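User: I'm new to this one and would like to learn how to read it. Could you walk me through it, feature by feature?

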Amino acid sequence: MEVSSLPISASQRGKLISAGYTSLSSLSSVSSSDLARGAHNAWDMLHEEESMTRITTSCADLDNILGGGINCKEVTEIGGVPGIGKTQLGIQLAVNVQIPLEFGGLGGKAIYIGNFMVERALQIAEACVEDMSEYNRFLRNDFQACQVKMQPTDILENIFYFRVCTYTEQIALINYLDKFMSEHKDVKIVIIDSITFHFRQDFDDMALRTRVLSGLALKLMKLAKDFSLAVVLLNQVTTKYTGGSFQLTLALGDSWSHSCTNRVILYWNGNERYAYIDKSPSLRSASASYSVTHRGIRNSTSNVKRVKMM
Amino acid sequence: MANKLISEMGLPRSIANIFAARNITTAKDALSLTEFELMELLDVGLSEVRSALAHISQIVSPRYQTALLLMEQRVQKEQSRGHLPTQLKGLDVALCGGIPVGVLTELVGPSGIGKTQFCLKLSLLASLQAHYGGLGGRVIYIDVESKFSSRRLIEIGAKSYPEIFHMKGMAQEIVFTSLQQIKVSLLQNQVKLLVIDSMAALVSGEHEPGPPWQHPLGWHISFIKSLAEFSRIPIVVTNQVRSQSRDESCQYSFQGQGRGKIVEDPPKHDSHLVAALGIHWAHAVTIRLVLESKSGQRFMKVAKSPISPPLAFPFNITSSGISLLNDDGMELMGPEINSIYCQGLSFGEICLYDLPWKKTPELIS
């Protein structure tokens with residue numbers, strides 16, 4: 001019996017035939033999960049997850065609660081009050097993704113969209129190269145001590161920076177990233193700083209904004225899966241009136257908060273900066289302190305305290 | 001880019017006509033809708049919509065630059081590597097050379113602390129010739145509260161007579177329209193610095209009832225930000241302070257609940273102040289300098305900066321403008337970074353000795 005004469009809807013018939021299933025006999029031998037293309041079973045996914053690569057944040061405590069760093073193939077949202085270090089963490093990740101394979105990194109490139117400070121990136125890159133040669137000296141006493149070939153300028157060269165001025169450009173860019181990525185396969189992280197900014201101005205129809213944003217989130221997730229790269233979205237905070245008082249919460253509303261896989265909130269706790277895992281399918285909610293130093297994001301204990309103000 | 005016409009993008013004739021027939025003429029129109037809304041509106045299949053959107057997106061999306069290229073461009077094109085030196089040694093070192101171009105720098109502080117003084121000094125510096133350490137250009141000074149004093153400016157400078165464009169915005173409307181005109185005059189007049197004193201007086205009250213996204217600031221934030229990027233000049237704005245209201249919490253919902261070890265907020269002084277423009281605005285500025293006073297001493301704090309650690313410098317105001325008492329700066333921790341104090345400045349004293357020009361400008365010759 002031919003598939004074309006089966007009593008099923010035209011679109012399903014079309015899909016079957018275009019996938020090469022023309023007769024009923026060719027169809028009967030395949031399992032339904034094979035037919036539903038892209039379906040995996042959980043066992044395969046476990047293996048995949050074990051081989052998943054992560055990008056270090058350069059702060060051991062933060063890496064610990066994140067299970068080793070920012071996950072590739074996932075969308076991670078990072079939010080916090082102004083000046084807490086969102087952009088710092090973004091730039092740090094853009095540099096760290098380039099740590100070569102022999103140093104336990106990914107050796108990839110980075111895409112940075114938005115708020116970028118070249119001077120700061122240079123500082124962090126210099127510190128990163130220094131750390132790598134230090135690591136070399138202490139841990140590799142073998143003869144063929146592989147030299148750190150990377151220069152800070154090489155690191156800067158591997159950061160692709162996009163300047164976005166309106167939300168239209170932002171949408172267009174995210175649509176276009178798909179094509180860009182297939183031309184630049186070595187990109188391992190996309191950082192958007194900030195996903196919020198343009199959407200918080202001049203958008204009148206809030207329902208439309210939510211729909212457009214969730215469309216964007218889906219595209220970013222697909223991007224992360226298809227090219228096995230990490231997508232990091234930096235979000236702003238806003239105040240929300242709940243239970244009789246104002247509380248801080250990440251911007252873009254409740255429906256947006258469903259669209260990211262992981263959500264990390266940066267906040268002040270006393271005198272220290274803390275990161276808190278607000279949402280993650282695989283990680284326990286935990287918090288860890290970190291600090292922002294001249295050399296980038298580091299553990300807070302290693303921070304050399306200067307004269308404290310009264 | 002966002003208003004680029006779809007008809008000029010070289011889409012296949014048939015699909016371009018459909019877009020035109022449904023009155024979707026610009027890229028903004030097309031990209032503000034979801035794929036399914038477009039399918040419905042245009043009555044075409046998903047694959048056609050996807051390929052059309054992909055085509056439009058590719059044309060509209062900005063081109064990339066590598067960070068290295070960006071840095072080389074800055075070094076070549078811009079004097080003093082893209083910074084306006086403040087001539088305050090410690091601050092310049094902390095900020096890698098001064099007030100950076102292309103981004104917003106904000107001054108926050110209680111009244112009478114020296115925000116306008118700092119703005120005047122910066123205006124003067126920007127108009128100085130390059131070999132004196134300035135930018136050698138003109139300055140647009142948007143003076144909302146009529147605090148600009150040419151006499152004081154000359155007093156600070158004394159040695160040079162800069163050309164300063166002085167716009168007086170008496171009402172909101174005037175300033176708003178002039179904000180739009182600025183873009184043109186920036187290009188025509190070789191302007192090297194834009195000062196807005198003060199932003200908070202332009203727009204008041206983010207906490208007024210009504211949906212928060214419709215507050216009047218929204219449009220200005222993106223306009224000023226894009227102005228800075230596009231013209232590559234430093235933009236300095238001042239912000240006022242207001243006292244913090246009681247129920248304003250600065251905690252997340254996960255903080256404090258069932259976790260007793262959270263440090264209690266320090267008891268609220270009656271002098272507890274916060275910046276007048278709220279958190280939404282604070283996200284938009286790249287550098288925030290807080291001017292405050294503590295037990296009679298004025299401090300300048302780098303409260304938010306991508307390049308500098310949070311440092312505090314004691315300063316005072318003399319006849320030659322703001323000067324730092326030491327250049328090392330003290331590193332700050334935790335909530336101190338963003339708090340604004342106003343203690344122990346006796347204003348009577350200031351009027352008499354510190355700022356004679358402020359109250360009696362006519363008496364100074």
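User: Let's start with a pair of helices. Is the crossing of H3(B) and H4(B) left-handed or right-handed?

Analyst: Keep in mind that this is a predicted model. For a helix pair, look at the handedness, the angle, the spacing and then the residues that touch. H3(B) and H4(B) cross in a right-handed way. H3 covers residues 35–42 of chain B and H4 covers residues 46–60 of chain B; their axes are 9 Å apart and the packing angle is about 115 degrees. Since 65 to 115 degrees counts as roughly perpendicular, that is how H3(B) sits against H4(B).

User: Which residues in H3(B) and H4(B) meet?

Analyst: On the H3(B) side you'll find B:Glu35, B:Phe36, B:Leu38 and B:Met39, and they meet B:Leu46, B:Val49, B:Arg50 and B:Leu53 in H4(B). Sorted by class, the residues of this contact are 6 nonpolar and 2 charged, with no polar ones.

User: Now a pair in chain A. At what angle do the axes of H9 and H11 of chain A cross?

Analyst: Roughly 15 degrees, with the axes of H9 (residues 167–183) and H11 (residues 206–226) coming within 10 Å. An angle under 35 degrees counts as roughly parallel, so H9(A) is roughly parallel to H11(A). The crossing of this pair is left-handed.

User: What do H9(A) and H11(A) touch each other with?

Analyst: H9(A) brings A:Ile171, A:Ile174, A:Asn175, A:Leu177, A:Asp178 and A:Met181, while H11(A) brings A:Val212, A:Leu216, A:Lys219, A:Leu220 and A:Leu223. The classes here are 8 nonpolar, 1 polar and 2 charged residues.

User: How do the axes of H9(A) and H4(B) cross?

Analyst: You read a pair from two chains just as you read the others. The axes of H9(A) and H4(B) come within 8 Å and cross at roughly 110 degrees. That makes H9(A) roughly perpendicular to H4(B). H9(A) passes H4(B) in a left-handed crossing. A:Glu169, A:Ala172, A:Asn175, A:Tyr176 and A:Lys179 of H9(A) make the contact with B:Ser57, B:Gln58 and B:Val60 of H4(B). The class count for this one is 3 nonpolar, 3 polar and 2 charged.

User: Let's zoom out. How many helices and strands are there in chain B?

Analyst: Chain B has 14 helices and 15 strands, and chain A has 12 helices and 13 strands. For burial, take the share of residues that count as buried: 52% of the 365 residues in chain B, and 52% of the 310 residues in chain A. Another thing to check is how far along the sequence contacts reach. Take the contacts between residues at least 6 apart: in chain B, 67% of them join residues at least 24 apart.

User: What about cysteines? How many disulfides are there over all chains?

Analyst: The count comes to 0. A residue under 20% relative accessible area counts as buried, so A:Cys128, at 8%, is buried. A:Cys260 is buried too, with a relative accessible area of 3%.

User: Where does A:Asn115 lie?

Analyst: Look in the loop between strand E4 (109–114) and helix H7 (118–139) of chain A. A:Asn115 counts as partly exposed, at 26% relative accessibility. Leaving aside residues up to four places away in sequence, A:Asn115 touches A:Thr87, A:Asp193 and B:Lys225.

Terms used:
Residues numbered from 1 in each chain as written. Chains lettered and ligands numbered in written order. Predicted model: local features only at pLDDT ≥ 70, side-chain atom pairs only at ≥ 80, totals over all residues. Heavy atoms only, no water. Axes fitted to C-alpha atoms, helices over the stretch in contact; angles between N-to-C directions. Helix = DSSP H or I, 4+ residues; strand = E, 2+ residues; numbered from the N terminus. Parallel < 35°, antiparallel > 145°, perpendicular 65-115°, else oblique. Left-handed = near helix turned anticlockwise from the far one by under 90°. Contact = heavy atoms within 4.5 Å. Nonpolar A, V, L, I, M, F, W, Y, C, P; charged D, E, K, R; others polar. Disulfide = S-S within 2.5 Å. Buried < 20%, exposed > 50% of the residue type's maximum accessible area, 1.4 Å probe, protein only.
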